[in-house]
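Welcome! Try each task before reading its solution.

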Amino acid sequence: MFRAILLEQDDAGFRASLKELDDAALEAQSGDVVVGVEYSTLNYKDALAITNRSPVVRKWPMVAGIDCGGVVLTSANASWKPGDRVVLNGWGAGEVHWGALAERTKVPGEWLVRLPDSISTRQAAAIGTAGYTAMLCVMMLERHGLTAGGEVLVTGAAGGVGSVAVALLAKLGYRVVASTGRPQEADYLHALGATEIIERATISGPGRALQKERWAGVVDVVGSHTLANACAQTRYRGVVAACGLAGALDFPASVAPFILRGVKLIGVDSVMCPIEDRTTAWQRLARDLDPATIERISEEISLAEALERAPGILEGTVRGRLVVDVRR
Ligand code: NDP
């Protein structure tokens, strides 16, 4: 038997609960590697699934959890052997395939990334899909021409993606401006490396198509008017990485920044991201994110607490990252 957060939807309605599941049920899942999960995490998408606020889960019953750090228990995949330390992010785990808010998960070996030696399974979970997405955003900014020394805006800065993006960009030498709706987190954001904090409300309402040029790059997790304003304030040939919808899914913008300033808007997806970029992202995280920063942004909770804390993520009251020790 193993413990897992099970999401069920039937005639009795929707339920999210901590359950003991039979190993035979896990064996019946597709995949060729069984991972002993050590730490999972609570991401924005996990919160949507656990609260059933959005149709994240597309197969029932579902074990929640889009990511984890763990150790291979059994493998029928030539790339993996028992004892290998791995990280899992996305690919539909916790959505269409049993996920990792559980003591064990079974996945195709091709979904796994080998953990760099310097990152523990706990640190991998503390970084999580949010931190790995932040790294993908940084890689995209670099790939599309962000040059050192410019000012970079990070929105939703006190959240998971935002916290890691602030820390990474600061370490890489950029002047990071953090947008937050929680001014009380200013000390936290300065400690991560933000040089300036701006109030979320200054960029979250409708704005002009072209505004004063400021940002060499942007990491946006909010979407909607915030993303439109970020594009309108981006410097000539600057680059904007859009990865989230914490504000809303819409994008009420004009084409002016793109056709008059050559601004580049790059979409970032972590779920189906090719393995080469995943591997690079985790190697870069090992190099560019200080262990002390990982500690500073993370709070550890138990599997049962993951159920209780999910609504707070959607309310935007959770700071940084929640790490779930699935063994307690
Ligand atoms: P968090 O909940 O940790 O952080 C989101 C932050 O956004 C909050 O902390 C808050 O920051 C800000 N925020 C929340 N609500 C609003 C609002 N109504 N208007 C403006 N800002 C708001 O989530 P994550 O960092 O884990 O994820 C952020 C977004 O990125 C989510 O939409 C998630 O779905 C998406 N995502 C996308 C991925 C991809 O593959 N493309 C992968 C991972 C995440 P503050 O208080 O500082 O303002």
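This is a predicted model, in which local features need pLDDT of at least 70, side-chain atom pairs count only at pLDDT 80 or more, and totals for chains, interfaces and linings use all residues. Residues are numbered from 1 along each chain as its sequence is written, and side-chain values use heavy atoms, with hydrogens and water left out.

**Exercise 1.** Find out whether C231 is buried or exposed, and which cysteine sulfur is nearest to that of C231.

*Solution.* Start with the bond itself: a disulfide is a pair of cysteine sulfur atoms within 2.5 Å. Searching the whole structure gives zero disulfides. C231 is in none, as its nearest cysteine sulfur, in C137, is 13 Å away. Next, C231 counts as buried (under 20% relative accessible area; exposed is over 50%, partly exposed in between; 1.4 Å probe, protein chains only) because its relative accessibility is 1%.

**Exercise 2.** Locate L249 and decide whether L249 is buried or exposed.

*Solution.* First, look in the loop between β13 (234-242) and α7 (256-260); these helices (H or I, at least four residues) and strands (E, at least two) are DSSP runs numbered from the N terminus. Then check the relative accessible area of L249: at 73%, L249 is exposed.

**Exercise 3.** Identify which backbone atoms lie 2.9 Å from the ligand at L245 and C243.

*Solution.* At L245, a backbone N or O atom lies 2.9 Å from a ligand oxygen. At C243, a polar backbone atom is 2.9 Å from a ligand nitrogen.

Note on methods
Polar contact = N/O pair within 3.5 Å; in protein donor to acceptor, adjacent residues only side chain to side chain.
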